Amino acid sequence: MILSHFIALLLFALIVSTVFALITKNEPREQFRYGVFVFLSFLAVAFAVGWIMYPVPL
Amino acid sequence: MAQVNDQEHFSTPPAPEELKPMNMAATLAICSGGWLVPGLAHVLIGRWVRGLIFATCVLLMFAFGLAMHGKLYDLEFDEPLHVFAFIANIGTGIPYWIAERLNLGIGTMTFPSYDYGTTYLWVCGLLNYLIVLDAFDIAQGRKP
């Protein structure tokens, strides 16, 4: 199975944020909000690091 | 009417749910079960929904890791740093040994998604360790 980098990142962020939200928060509403926050944070950091690395000749 | 309002304003908040810790032997047995079968610890404690979601997350990630030709590490003393990868991998429990027996985690380095697959396999094991620790806290009455 070949997934694009972005789809693999989305899937990874979705699963990890779900587990983190259920472990760290107790109320369903808090879990949902924290899960969304972690998910979006994963995406934001990935984009930021991607753009920072873009001009670096690796 | 005023009395009713006063009662509403000054009524004491509901008492927090009393947490009853299990004995340590039962807790360790439950945690061992949760390590071997992801999500089982929460199911045994009575948190069905949470356990099923955890099981789905870990097993889905494990399956994706294998499908992306990720590598499952064995215990190799020749390569000391591989021990950390092995510890992360065995966090998945029985699915790890099943995949090993079926020769599924060989890992194809030339495959485009090899790195992603290997990372998925590490992270699902590490997530399962966190899930087991969560079950331990619940069983010990430290968490609702």
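His69(B) counts as buried, because 23 C-beta neighbours lie inside 10 Å and the cut-off for burial is 20 or more. Keep in mind that this is a predicted model. His69(B) sits in the loop between α4 and α5 of chain B. The phi angle of His69(B) is near 65 degrees, which is a positive value in a residue other than glycine.

Asn103(B) lies in the loop between α6 and α7 of chain B. Its phi is near 55 degrees, again a positive value in a residue other than glycine. Is Asn103(B) buried or exposed? Asn103(B) is exposed, because 8 other C-beta atoms lie within 10 Å, and 12 or fewer count as exposed.

Step back to chain B as a whole. Chain B has seven helices and zero strands. Read along the sequence, its pattern is α-α-α-α-α-α-α. Of its 144 residues, 40% are buried. Now take the contacts in chain B with a separation of 6 or more. Residues 24 or more positions apart account for 71% of them.

The crossing of α2(B) and α7(B) is right-handed. Which residues of α2(B) make the contact? They are Thr27(B), Ile30(B), Cys31(B), Gly34(B) and Trp35(B). From α7(B) come Asn128(B), Ile131(B), Val132(B), Ala135(B), Phe136(B) and Ala139(B). By class, this contact has eight nonpolar, three polar and no charged residues.

Val132(B) belongs to helix α7 of chain B. It counts as buried, because it has 23 C-beta neighbours inside 10 Å. Leaving aside neighbours within four places in sequence, Val132(B) is in contact with Cys31(B), Gly34(B), Trp35(B) and Ala41(B). Val132(B) and His42(B) are 90 residues apart along the chain, yet their C-alpha atoms are separated by 8.4 Å.

α5(B) passes α7(B) in a left-handed crossing. On the α5(B) side, the contact uses Ala85(B), Ala88(B), Asn89(B) and Ile90(B). These meet Leu121(B), Trp122(B), Gly125(B) and Leu126(B) in α7(B). Six of the contact residues are nonpolar, two are polar and none is charged.

Thr119(B) is another residue of helix α7 of chain B. It is partly exposed, because 18 other C-beta atoms lie within 10 Å. Thr119(B) and Gly70(B) are 49 residues apart in sequence but 7.5 Å apart in space, C-alpha to C-alpha.

The contact between the chains takes 13 residues from chain A and 19 residues from chain B. The side of chain A that touches chain B has 11 nonpolar, two polar and no charged residues. Look at helix α1(A). The axes of α1(A) and α7(B) come within 10 Å and cross at roughly 5 degrees. That makes α1(A) roughly parallel to α7(B). Ala8(A), Phe12(A), Val16(A), Val19(A) and Ile23(A) are the α1(A) residues here. They meet Tyr116(B), Tyr120(B), Val123(B), Leu127(B), Leu130(B), Ile131(B) and Asp134(B) in α7(B). This contact divides into 11 nonpolar, no polar and one charged residue.

Finally, turn to the core. The largest nonpolar core has 41 residues. Which residues have the most contacts inside it? They are Val19(A), Met61(B), Tyr120(B), Cys124(B), Leu127(B) and Ala135(B). The elements giving two or more residues are α1 of chain A together with α2, α3, α4, α6 and α7 of chain B. α7(B) gives the most, with 13 residues.

Methods. Residues are numbered from 1 along each chain as its sequence is written. Chains are lettered from A and ligands numbered from 1 in the order in which they are written. This is a predicted model: local features need pLDDT of at least 70, side-chain atom pairs count only at pLDDT 80 or more; totals for chains, interfaces and linings use all residues. A crossing is left-handed if the near helix is turned anticlockwise from the far one by less than a right angle, and right-handed if clockwise. Helices (H or I, at least four residues) and strands (E, at least two) are DSSP runs, numbered from the N terminus. Two residues are in contact if their C-beta atoms, placed from the backbone, lie within 7 Å. Ala, Val, Leu, Ile, Met, Phe, Trp, Tyr, Cys and Pro count as nonpolar, Asp, Glu, Lys and Arg as charged, and the others, Gly among them, as polar. A nonpolar core is a set of buried Ala, Val, Leu, Ile, Met, Phe, Trp, Tyr and Cys residues joined through C-beta atoms within 7 Å. Axes are lines fitted to C-alpha atoms, for helices over the stretch in contact, and angles run from 0 to 180 degrees between N-to-C directions. Angles under 35 degrees count as roughly parallel, over 145 as roughly antiparallel, 65 to 115 as roughly perpendicular and the rest as oblique.
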